[in-house]
Amino acid sequence: MTTPLVFHPIYSQLDLPERHRFPIEKYVGIRDELVRRGVDKARFITPSPVDLSFLTAYYDSNYVNALTTGALDKKAMRRIGFPWSQQLIERTRTAVAGTCLTATLALEQGKALNLTGGYHHAFADFGSGFCLFNDLYLAAKTMQQTPSIDNVLIIDLDVHQGDGTAKLAEDDRDIFTLSIHGEKNFPYRKQLSDIDIGLAKGAEDDEYLGTLEEALTLASRQFQPDAIIYDAGVDVHVNDDLGHLHISTQGVYERDKKVFALADRLGVPIAAVIGGGYQRDIAALVDVHIQLYRAAGVID
Ligand SMILES: [Zn+2]
């Protein structure tokens with residue numbers, strides 16, 4: 001059985017000001033690297049943009065309407081961190097659809113991966129930190145449309161706390177949020193996940209992987225998930241421009257292996273997204289993101 005991979009070229013199509021810190025080219029870079037390592041180009045499944053009605057079902061409709069029509073005020077756009085464009089909206093709607101499609105495919109095939117996703121700083125009525133709409137939360141809701149799926153565990157290992165996800169899922173007893181992040185990283189005002197672990201600056205592989213193992217055990221004792229959504233952000237890497245942790249490339253690989261092993265052990269489907277990762281050298285950044293696909297057995 002082959003693991004479904006979800007990708008659209010629009011993931012990397014966004015005109016940004018010069019020296020903008022967001023590495024928008026990384027998505028197509030990951031696709032190209034997977035192809036270079038033997039993944040058939042025809043294997044990537046293409047999402048179509050989500051309907052606005054799907055967004056307004058879970059989101060503040062004033063926010064959805066203002067953002068999608070370009071009427072959101074300057075301050076709110078600055079908080080998001082991207083200049084407004086029609087392309088940004090189209091890209092975002094497609095990226096969010098990609099994670100929801102990945103969630104559906106995971107239920108069918110056991111495991112599926114999106115080549116973008118992890119917009120965990122998006123709240124119900126505002127966006128923040130490069131996140132417009134929270135695909136993790138929307139993917140959990142998508143999974144729950146399947147009658148056999150009640151409880152969804154969202155594991156967020158991006159270096160930044162999953163604040164938007166925690167807040168959105170605050171009143172959902174059937175969505176359990178686990179975030180392991182850098183305590184001194186953005187967002188400085190953290191929200192309350194079901195389990196939060198804030199690591200000190202400079203944490204290395206041993207501490208990180210040990211903490212993860214304990215957190216996964218704790219989460220599976222407190223909650224019986226029917227499915228898992230995984231944000232595999234690599235801004236925990238030692239060379240990351242925004243993260244303050246010192247995790248090696250091998251450490252990222254072992255981390256991702258542990259998460260997939262948990263899904264195996266529990267016998268539940270898992271949908272994974274790539275999350276954050278910030279390096280000017282796109283090839284070096286892709287090399288870290290690619291660990292997720294190695295850990296999932298997509299490539300050697
Ligand atoms: Zn991040």
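**Sheet, flanking helices and zinc site**

Strand β1 (residues 5-6) pairs with β2 in the parallel sense, over two bridges; pairing here takes at least two DSSP bridges between two strands, and strands (E, at least two residues) and helices (H or I, at least four) are DSSP runs numbered from the N terminus. Within this pair, L5 sits opposite F44 of β2. The model is a predicted one, with local features needing pLDDT of at least 70 and side-chain atom pairs counted only at pLDDT 80 or more, while totals for chains, interfaces and linings use all residues. Residues are numbered from 1 along each chain as its sequence is written, and side-chain values use heavy atoms, with hydrogens and water left out.

Zooming out, eight strands make up an open, parallel sheet in the order β2-β1-β3-β8-β7-β4-β5-β6.

On to the zinc ion. Its protein donors are D158 (OD), D158 (OD), H160 (ND1) and D235 (OD), at 1.9 to 2.8 Å; donors are N, O and S atoms within 2.8 Å of the metal (3.2 Å for Na, K and Ca), and sites may look incomplete because water is not among the atoms. Along the chain the donors follow the spacing D-x1-H-x74-D. H160 lies in the loop between β4 and α7 (163-168) and D235 in the loop between β7 and α9, so the pair ties together parts 75 residues apart in sequence.
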